[in-house]
Amino acid sequence: MKTLKFLLVGIFFGIVLVKSEAVSWYRIYEMFRFQSFHMYGIIGTAIASGITFLQISKKGIIKSIKGSDIFVPKKENGFVRYIIGGIIFGLGWALIGACPGPMYILLGTGVWSMLIVIAAAVLGTFIYGILKNKLPH
Amino acid sequence: MESILNPWPWYISGPLIALVMALLLYFGKTFGMSSNLRTMCTIAGAGKFVDFFNFKWKDQLWNLTVVFGAIIGGFIAVQYLSNGSGTDLNPTTVTELQNMGFNNPGATLVPDEMYSLDILANPKTLVLLVIGGLLVGFGTRYAGGCTSGHAITGLSSLQKPSLIAVVGFFIGGLIMANFILPLIF
């Protein structure tokens, strides 16, 4: 049961991202060319719903499954790592048309070449790990 | 049934993505897909070389389970919940991409010109996929998150670092789509 609930959330996530076309390379391209509202609508309504959920949960109305408060870990303060890391990720996102969630989902839709992208992404993460202490954060 | 088989509108999809985040928070976890890349490094033994990968990866099994589910979800969505209708792109986008050499913009989820197995024989395509993957893997960990961790979870919880990261995502994406992709294709 403990594992099953995460499997089900994952399945739901995969279905939603395919049906919303957020996994489409073309939708990402269209977004970055400002030629469609579709992706902005998805991200915008997701954030608006997310804010609403977290504001309500802050009032203690919604508790976690264990009965504790809903908790979102705080990101460390900083600037360089977020802007530079963000730009590097953005370049890759618009090139391959997929961020880390869609990479796995697209594999499930039968895009086998995505295995190459995933392997390269794992390698990219490894390279970050090696260079971490030398990079400005 | 027809409305399930057709692509879903943005105003349905967005709140459903927020629901994924809410469910994971309800289960006491956080929505973040790129963390799994780090976990995979650790499983592959990267902790022997780099301290950053020395952590109890079994604590992240739940997140790998979400990934496994997402793969199944992708399969279910195309096999059982789709009617083969393509993506309804802006006609300007379609013309533009056709001029760049993409044959059927929107007919599939990803362009054959980049992802078909035949085209992998072309070293250029292979290099593009590898570079794209490297950028995503390196960038997300440097920025400490991707679309799910920063754009959805971070912005929903009104965190400034996530706003900076999302601005970065867009700067990078705009540069790639507007200036670099036209040079590549």
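## Lys58(A), at the end of a helix

Lys58(A) sits in helix α3 of chain A, which covers residues 38–58. Keep in mind that this is a predicted model. Is Lys58(A) buried or exposed? Lys58(A) counts as exposed because it has 12 C-beta neighbours inside 10 Å, and the cut-off for exposed is 12 or fewer.

Now look across to Asp69(A). Along the sequence, Lys58(A) and Asp69(A) are 11 residues apart, and their C-alpha atoms lie 7.7 Å from each other.

## Where the chains meet

On to the interface: 101 residues of chain A are in contact with 103 residues of chain B. Which helices of chain A each put at least two residues on the side that touches chain B? They are α1 (2–19), α2 (25–32), α3, α4 (80–96), α5 (100–108) and α6 (114–131). The largest share comes from α4(A), with 16 residues.

## The nonpolar core

The largest nonpolar core counts 95 residues. Inside this core, the residues with the most contacts are Met103(A), Leu106(A), Val117(A) and Val20(B). Helix α4(A) turns up again here, giving the most to the core with 10 residues. As general background, nonpolar side chains tend to be buried together in soluble globular proteins.

Leu106(A) is worth a click in the viewer. Leaving out residues up to four places away in sequence, Leu106(A) touches Val23(A), Ala98(A), Val111(A) and Met114(A) in chain A, plus Gly74(B), Leu109(B) and Val110(B) in chain B.

How values were computed. Residues numbered from 1 in each chain as written. Chains lettered and ligands numbered in written order. Predicted model: local features only at pLDDT ≥ 70, side-chain atom pairs only at ≥ 80, totals over all residues. Helix = DSSP H or I, 4+ residues; strand = E, 2+ residues; numbered from the N terminus. Buried ≥ 20, exposed ≤ 12 C-beta atoms within 10 Å, placed from the backbone. Contact = placed C-beta atoms within 7 Å. Core = buried A, V, L, I, M, F, W, Y, C linked by C-beta atoms within 7 Å.
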